[in-house]
Amino acid sequence: MKPTKFIAGVFDDPVLITRAARKLRESGVRVYDAYTPFSVHGLDKEIGIKHTRLGIAAFLFGCTGFCLALWMQSYMSWSDWPMDVGGKPNTFVVPTYVPVCFESTVLCTALLTIFTFWIKSKMFHGVVPDLFDNRQTSDLFILAIDSDSHKNHSAIEGLLKEQGALEVRHKEFGKNHTLIQ
Amino acid sequence: MEHHHIEIKQERFEFAAKTKRKLFMLLGIGLLLVIIGAIGEESGMLTNRLWASVLLGAYYTFLLALGGAVFIGIAYLTNAGWNTGFKRVPEAMMQYMPIAGIILLIIFLTGHGNLYEWTENDAMEDPILEGKSTFLNTTFFIGSSVIFFLAYYFFIRRLRAFSLKEDLLEGNDKASAKIFHACRRISAGFIVVFGFTFPVIAWQWMMSLEPHWFSTIYSLYNFAIMWVCTATTIAMFCLWLKSKGYLNNMNENHFHDLGKFMFAFSIFWTYMWISQYLLIWYANIPEESEYFTSRGVGTAIHGGRFEFQFWLNLIVNFALPLLIFMSRSAKRNPRTMIVACAIILLGHWNDLYLMIMPGTVGQEAPVGFIEMGMTIVFFVPFIYTTLASLAKHNLIPVGHPYMEEFAHHEVAVA
Amino acid sequence: MFEAPIRERWITGDKSYGQISDDICRPIENPPTKAWWGGFTLSFIFFCALVFGLTYSVWNGLGTWGINKTVGWAWDITNFVFWIGIGHAGTLISAILLLFRQKWRMSINRSAEAMTIFAVMCAGVFPIFHMGRVWNGFWCLPLPNNFGSIWVNFSSPLLWDVFAISTYFTVSLFFWYMGLIPDIATVRDRAKTKMTKFFYNLLSMGWNGSMRTWMRYEIVCLILAGISTPLVLSVHTIVSFDFATSIVPGWHTTIFPPYFVAGAIFSGFGMVLTLLVIARKVMKYEDYITINHLDAMCKVVMLTGTIVGCAYITEFFIAWYSGVEYEQYAFINRATGPYWWAYWTMMSCNLLAPQVFWFKKLRRHPNFIFFMSIIVNIGMWFERFVIIVTSLHRDYLTSSWIMYYPTWVEVCIFLGTFGLFFTCYFVFCKLMPTISIAETKAIMPLDQLPIAKKRMAAEAAHAH
């Protein structure tokens, strides 16, 4: 079950939100996610985001693209209809396959990695996002805490305020909200 | 986004007597290998092999010394901060330049007849070589080499002098900024001079080993070798210094960047390699493809003496660095780094071997004790000079404007 | 990340995060200015000329072009290489400078990437229409020839071009779009009308600035940068293979791949400067695209111009050194033959002219830079013209020596591509943020941020 009720600390300073996240982590409060107008380096570690394995996926996509192109060229110009251009008969591998293999590697890596990223992040055209504040993509930084799994709401609120939150909000979204975990 | 204070302390490298002894022993091993290899070798072949391997060792170490200077120059010009803390290493490497110059000049003066076919063309029997004689003649060859060495040495001395001055200016931002900008001006001059002279060096020292053959990308190919090997050698020295407890502000983040550097420029080298190979293979003009057929590959000939080494080149200098350096943890782990560095340096030894041997020693050229020993004989003085000049001055450029940034350097993603 | 105080500032003045959004979104949210309408209309007229020129040449056949039996491709391939080259600066700025952590790329990368895409579109026009019967264009796809039994020829550099250019276009487009997503979300959340809300919501893919997404996003962008870097090299390398794999004197030379790439970056930066010197003024972006940016770009222009010059000299020298008389003649003919003017225009615009940027004053003088950027564009156009036409027009058979001159149709198509390029660019400026909002905020120095200054002052007071 996805949580639907959140406590949101609203900040206007990336340094303060990072400090607040650290304080929350130290006092045993799990942060659901942070919402920021740009990527705040250091904040990811404080809210415990695991290193993504997209890099490995990209490598595999690249290998796929390479093999695909090699197979395509070998099949078309050597196995299906052997070609001999300029006294250089084609074989399973020849230097002239290099450019197309390379391009195919790049194309597959790029497109498949992007598509994987979109799917993993539940990003699709037409999705209407659930926002804590309209300014979270401009100049506000939001720290969201799942309020059902924590009991000491007032302590969390106090901590956020103490760390310089402009305000603390309680927000409830519908069951099909777009906040990923 | 917040940063904490990191202490930057001056360090002084001590060139221990034990290290010196080890280096001398290594030199002895090198000489011994050459002597063992020489026993029983037929005399004509022996002279050729000796000269060719001397050129290999001398040119390789020359590239590293020059590469150190180019590394410093480019770092200044691009405002690089990630390499400030270990900049004394490339600086020490470039101190080998005068020795490299003298050695190479001696080789050219005494051995040119054995190395360069075109010097024997006095009777003008070969019209093609005669056509090139305004460029390929000993006077121009030696004269231009002397001028290039002097020019490089001039810039190296200036860069070094300014760099050492920085140490005295710790905390004085204005004065160190002034020195920094002076260094940038010197670097700009040096890089221009380097850019226009290095191609000539590649043509006359290396390309003219096979004087009938020509390739316009050749100078860039040499540059690529120099650049990869320089970064690798710097990484090697840094890893060694680190293991001895020096370079305290340097950490895995900096090695990560050096690893990326080696990764990127190994691919750059491959780009040069494939550009030269593919174009010559494709057009198949006899004057040009001769270079590859004499190395055992081409459309007509297969299975020459060098064919294995030729393809090994691509595996060692492209495939292995590509696969090893792709992973983040490999770049941050000293053990994998040292293995990868060794692979690259050996790989480019093979690369230089393939550039030199077929034109000088010929199709029967082996990879024997002479070639290996001679390379050791040339690397020991290079390492010795580098360590000696590291020990002579402070190890950490504390007064450099980017030093603090260096200490805080962190590679965030990938 | 800690920054040395000696580093140049890439944003002028104090800016809060909100103000950065306001400044960059201003042209999108306000009605278009007169200058925009004027520029757009002019570009559109030129674009119409392109449509007319292409229709005319398809209707009447390629006989309307100046090409002949000896010079089988000239104007079209010159323009193809010219436009592709221009596109390369965008990828260079977005990918290579990202890998090199050059922060000055932040405020120029978006428009440079857009430029890449539009330039590749312009470039694509030429080979496609040089096919003559464009409706058979699909023949260059890897399909059985004429749906018979033979496949396309993978040994042909022209086929490699098909793969390279289409990959380049696709990857650049996606890379550009990826960069735009967070900024589109910013525009979406500021939008006032239903129409704009719907439009930007559709494109923003539900972006909400989640830290998890940001982390993945940064990795994906880094991977894209990592593969775009060799991609951009490969594209111009393959373009250079079109020439270098042949045995035409002056074409078959191994330095072509890196030399074409350097030239592409050179010409691309020329075009970026042309666009940005104007854009920063018209869109009031002087605080974001500062004189320091122009300075840095001028240095790149000078560097790449000198590299290209070095390659010219290398080629000339090796042609002499090779002892091949055809090679030697090709180069003598370039410099002193009937097209000497093209050769010397190229030499002076590309090697000599950029040397003025050794002077700091000139690197920081927008009007002068604008003038120089035009010079660079002209020089690089002539470089391609020299390489292509001078090598072809006097081939191995003296009896087929001939001159090439363009016809009005070709000129019309070429000018028309400028119309296509600028029409797209104007539309882009109106619809999308031309400076990366998120990245600009991320590189904002703390001592130029009102919030950070306030916090630090409070902390200092607290410590006492």
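This is a predicted model: local features need pLDDT of at least 70, side-chain atom pairs count only at pLDDT 80 or more; totals for chains, interfaces and linings use all residues.
One salt bridge links Asp33(A) to Arg212(C), with 3.6 Å between the closest N and O atoms. On the side of chain A that touches chain C, the elements giving two or more residues are helix 1, strand 2, helix 2 (43–46), helix 3 (54–80) and helix 4 (98–120) of chain A. Helix 4 of chain A gives the most, with 15 residues. Sorted by class, this side of chain A holds 41 nonpolar, 20 polar and 10 charged residues.

The extent of this interface can be given in residues and in area. In terms of residues, 71 from chain A are in contact with 58 from chain C. In terms of area, chain A and chain C bury about 5900 Å² between them, and 69% of that lies on carbon and sulfur atoms.

We can now turn to chain B. Here 12 residues of chain A are in contact with 13 residues of chain B. The two chains, A and B, bury about 1200 Å² between them, with 73% of it on carbon and sulfur atoms. Of the area that chain A buries against chain B, 41% comes from His41(A), Lys88(A) and Pro95(A), more than from any other three residues. The count of salt bridges between chain A and chain B is one; in it, the side chains of Lys45(A) and Glu410(B) meet at 3.7 Å, N to O. The interface of chain A and chain B also has one residue pair in polar contact, with both residues at pLDDT 80 or more. Helix 1 (residues 14–26) of chain A gives the most to the side of chain A that touches chain B, contributing four residues. By class, that side of chain A is made up of six nonpolar, two polar and four charged residues.

Within chain A itself, a sheet comes into view. Four strands of chain A form this open sheet, in the order 2-5-1-6 and with antiparallel pairing. Strand 2 (33–35) and strand 6 (167–172) of chain A stand at the edges with a single partner strand each, so one side of each has no neighbour in the sheet. On average, and ignoring direction, neighbouring strands of the sheet are turned by 25 degrees against each other. Strand 1 (residues 5–11) and strand 5 (residues 141–146) of chain A run antiparallel and are joined by six bridges. Among the residues involved, Phe6(A) has Asp146(A) in strand 5 of chain A as its bridge partner.

Helix 1 lies across strand 1 and strand 5 of chain A, and runs at about 20 degrees to strand 5 of chain A. Helix 1 is also among the elements that give two or more residues to the side of chain A that touches chain C, and it gives the most to the side that touches chain B.

Conventions:
Residues are numbered from 1 along each chain as its sequence is written. Chains are lettered from A and ligands numbered from 1 in the order in which they are written. Side-chain values use heavy atoms; hydrogens and water are left out. Contact means heavy atoms within 4.5 Å. Buried area is the accessible area (1.4 Å probe) that two parts lose on being put together, summed over both. A salt bridge is a side-chain nitrogen of Lys or Arg within 4 Å of a carboxyl oxygen of Asp or Glu. A polar contact is a pair of N or O atoms within 3.5 Å; within protein, one must be able to donate a hydrogen and the other to accept it, and residues adjacent in sequence count only if both atoms are side-chain atoms. Ala, Val, Leu, Ile, Met, Phe, Trp, Tyr, Cys and Pro count as nonpolar, Asp, Glu, Lys and Arg as charged, and the others, Gly among them, as polar. Two strands pair if DSSP finds at least two bridges between them. Axes are lines fitted to C-alpha atoms, for helices over the stretch in contact, and angles run from 0 to 180 degrees between N-to-C directions.
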